[in-house]
Amino acid sequence: MSNAKKHAAKSAAKLIPEHGAIGLGSGSTVALFAEELGKRIADGEIDVSVVPSSYQAYQLAVIHGIPLTNLDLNPELILTVDGADEVDKNLNLIKGGGGALFQEKIVASASHRLIIIVDESKIVGHLAMQCDVPVEVLPFALGVVRRKIIELGITPTLREAKRKMGPVVTDNGNFILDLRFPEPIEDPSAIAVTLKMIPGVVETGLFVGMTDEVHVGKESEAYILRKDQGAS
Ligand code: 5RP
């Protein structure tokens with residue numbers, strides 16, 4: 001595991017409140033954060049519970065002895081810590097590399113602050129420079145959603161499972177289309193609305209205007225990008 005991810009996770013761990021409920025994102029960087037969170041809870045330093053954003057996050061909480069809660073008991077979260085696949089200069093994100101974008105977005109929306117942890121390779125000038133944009137699609141609607149996306153000039157690929165035949169089925173029982181854009185995205189907000197308006201698109205991996213801080217790990221340290229502020 002790279003030191004960069006560890007530095008990002010440790011940097012965000014400084015923001016963990018002493019008490020209360022927070023959101024736990026998904027991914028390999030979040031796994032390092034969950035380890036740190038579990039240690040602090042075990043040491044009696046803090047009294048925090050988490051709303052998990054995926055089955056993976058749920059398992060991480062169980063493994064690290066982190067108390068679990070949910071959005072019915074805690075519809076308002078102090079903050080969420082999550083990973084990302086790309087981060088642009090306005091802290092807009094592509095998420096969903098691990099297929100958990102739908103619940104991740106709900107948990108983020110319940111949170112007063114969204115804290116993102118990434119290594120430096122995820123920082124880009126414009127979204128979709130390196131990654132496809134995942135969208136979660138109702139299986140019933142796959143054919144028509146695919147047609148409408150192609151009509152927009154975007155190339156969709158149905159995400160295939162690795163150790164199961166056929167498509168990835170998300171934690172919500174849906175499929176994922178990975179969208180290859182012909183060029184980097186200039187206006188993520190407009191694209192997010194256009195995609196979300198297609199009936200059958202359950203959610204998109206574009207997280208626009210949601211992020212408060214990005215903790216960017218490097219080999220030796222981490223730095224923080226803040227909304228409307230740049231690096232510190
Ligand atoms: C899962 C996600 C992850 O947060 C994202 O893919 C980053 O993962 P990693 O920290 O493993 O690079 O959005 O759906």
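What follows is a short exchange about salt bridges in a predicted model.

Colleague: Why is the contact between Arg147 and Glu151 called a salt bridge?

Modeller: The closest N and O atoms of Arg147 and Glu151 are 2.6 Å apart. The cut-off is within 4 Å, so the pair counts as a salt bridge.

Colleague: Where do Arg147 and Glu151 sit relative to each other in helix H5?

Modeller: In helix H5 (residues 142-151) they are four residues apart, which means a separation of about one helical turn.

Colleague: Why is Glu151 called exposed, and what is Arg147 called?

Modeller: Glu151 has 55% relative accessibility. Exposed means over 50%, so Glu151 is exposed. Arg147 has 44%, which lies between the cut-offs of 20% and 50%, so Arg147 is partly exposed.

Colleague: What makes Glu213 and Arg226 a salt bridge?

Modeller: Their side chains meet at 3.3 Å, N to O. That value is within 4 Å, so the pair qualifies.

Colleague: Which parts does the pair of Glu213 and Arg226 tie together?

Modeller: Glu213 belongs to strand S12 (residues 213-217) and Arg226 to strand S13 (residues 222-226), so the pair ties together parts that are 13 residues apart in sequence.

Colleague: How do you know whether Glu213 is buried or exposed?

Modeller: Its relative accessible area is 6%. Buried means under 20%, so Glu213 is buried. Arg226, at 26%, is partly exposed.

Colleague: How many salt bridges does the structure hold?

Modeller: There are 13 salt bridges. Lys10, Glu36, Arg40 and Glu45 are linked in a network of them.

Notes:
Residues numbered from 1 in each chain as written. Predicted model: local features only at pLDDT ≥ 70, side-chain atom pairs only at ≥ 80, totals over all residues. Heavy atoms only, no water. Helix = DSSP H or I, 4+ residues; strand = E, 2+ residues; numbered from the N terminus. Buried < 20%, exposed > 50% of the residue type's maximum accessible area, 1.4 Å probe, protein only.
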